[in-house]
Amino acid sequence: MIVRLSTACLPVHISIMGPFPTPPLPHMLVRMTTATLAVGAYGERRAVAHLVEAGIRIVERNWRCADGEIDIIARDGEDIVFCEVKTRRSLEFGPPAGAVVTAKARRLRRLALRWLTEHDQHARDVRFDVVSVLAQRRGAARVEHLRGVL
């Protein structure tokens, strides 16, 4: 016998063998605070400015489909670049780029394939980059562009 109870936002299944957590909710259903969204938006603006200064042309920002979102799609010469932007306010939980785990990289590749099939874009090569933004209490954020890491 399985009974589904809801506690806060995460449901828990209780069976005769005891409670066990359900798998995590899809990433798009996770609620984010206004502050978290603002930090993320700030990081994306800094990342775009950094990429443009490096001579990379932005094709699209925050491209969304039912499966997720790509933060930045760009052109670096003849290459198409799919960028994941990670922003943090401190190093307490590690560097921002450390938040790009295997599942996120896999999702980004899947989304990139979908974007490429839906758009008539031709490229010599496709690259996956991470732009790491560390917001500072004072002064400019520290931006690190990691090319071809995924």
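**A buried aspartate and an aromatic cluster**

With a relative accessibility of 0%, D129 counts as buried, since the cut-off for that class is under 20% relative accessible area. In this predicted model, D129 sits in strand β7, which spans residues 126-134. The side chain of D129 makes a polar contact of 2.7 Å with the side chain of H145. Beyond its neighbours within four places in sequence, D129 is in contact with V81, F82, C83 and E84, and also with H145, L146, R147 and G148.

The protein around this residue contains 2 helices and 8 strands, arranged along the sequence as β-β-β-α-β-β-β-α-β-β. Of its 150 residues, 32% count as buried, and among contacts with a separation of 6 or more, 51% are between residues 24 or more positions apart.

F82, one of the residues in contact with D129, also takes part in ring pairing, and the structure holds 2 aromatic pairs. The ring centres of F82 and W115 are 5.7 Å apart and their planes meet at 80 degrees, so this pair is edge-to-face. It links distant parts of the chain, with F82 in strand β6 (residues 79-88) and W115 in helix α2 (residues 102-118), 33 residues apart, and both F82 and W115 are buried. F82 and F128 form a stacked pair, with 5.6 Å from centre to centre and 25 degrees between the planes. Because F82 lies in strand β6 and F128 in strand β7, this pair ties together parts that are 46 residues apart in sequence. F128 counts as buried at 12% relative accessibility, while F82 is buried with a relative accessible area of 0%. Through these ring pairs, F82, W115 and F128 are linked into a cluster.

Key: Residues are numbered from 1 along each chain as its sequence is written. This is a predicted model: local features need pLDDT of at least 70, side-chain atom pairs count only at pLDDT 80 or more; totals for chains, interfaces and linings use all residues. Side-chain values use heavy atoms; hydrogens and water are left out. Helices (H or I, at least four residues) and strands (E, at least two) are DSSP runs, numbered from the N terminus. Buried means under 20% relative accessible area, exposed over 50%, partly exposed in between (1.4 Å probe, protein chains only). A polar contact is a pair of N or O atoms within 3.5 Å; within protein, one must be able to donate a hydrogen and the other to accept it, and residues adjacent in sequence count only if both atoms are side-chain atoms. Contact means heavy atoms within 4.5 Å. Rings of Phe, Tyr and Trp (its six-membered ring) pair if their centres lie within 6.5 Å; planes under 30 degrees apart count as stacked, over 60 as edge-to-face and the rest as tilted.
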